[in-house]
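Subject: Structure for you to look at

Hi,

Here is the structure I promised. Please open it and keep it beside you while you read my notes below.

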Amino acid sequence: MRHFVIFLGACFILGELAVVSNPYYYGVVGLVLASVAGCGWLMSPGMSLVLFLVYLGRTQVGFVYSVS
């Protein structure tokens, strides 16, 4: 389980680096990767479903803003 959490953390950081790199497609793919990894990272220690939904909603707003 610890290796999976470390993997999710690495995916989150790589996704955020892809967002910062600024090319359009890499930014969108990086935002999706970071949001999925972040959601999994939050759910792994047994966090509540409400926290998961709040985080997912925040990332969807960022995704829509970056696409438009």
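Of the 68 residues in the protein chain, 22% count as buried. Buried means under 20% relative accessible area, exposed means over 50%, and partly exposed lies in between (1.4 Å probe, protein chains only).

Two points on the source. This is a predicted model, where local features need pLDDT of at least 70, side-chain atom pairs count only at pLDDT 80 or more, and totals for chains, interfaces and linings use all residues. Residues are numbered from 1 along each chain as its sequence is written, and side-chain values use heavy atoms, with hydrogens and water left out.

Now the layout. The chain has 3 helices and 0 strands. Its pattern along the sequence is α-α-α. Helices (H or I, at least four residues) and strands (E, at least two) are DSSP runs, numbered from the N terminus.

The accessible surface of the chain is about 4,900 Å². Carbon and sulfur atoms hold 78% of that surface. Areas come from the Shrake-Rupley method with a 1.4 Å probe; for residues, only the protein chains shown count as cover.

Start with helix 1, residues 2–20. This helix has 19 residues and spans 27 Å from its first C-alpha to its last. That is close to the expected 27 Å at 1.5 Å a residue (the expected span is 1.5 Å times one less than the number of residues).

Which residues of helix 1 are buried? They are Leu8, Gly9, Cys11 and Gly15. The face turned away from the buried side carries exposed residues, including Arg2, His3 and Leu17.

Leu17 counts as exposed because its relative accessibility is 52%. Leu17 also belongs to a nonpolar surface patch with Ile13, Leu14 and Leu33. Together the four have about 390 Å² of accessible area. Helix 1 gives the most to this patch, with 3 residues. Patch residues have over 30% relative accessible area and no salt bridge; like charges are joined within 9 Å, nonpolar side chains (Val, Leu, Ile, Met, Phe, Trp, Tyr) within 5 Å. A salt bridge is a side-chain nitrogen of Lys or Arg within 4 Å of a carboxyl oxygen of Asp or Glu.

Last, find Arg58 in helix 3, residues 49–67. Arg58 is exposed, at 52% relative accessible area. Its C-alpha is 9.1 Å from that of Ser35, 23 residues apart along the chain.

Best wishes
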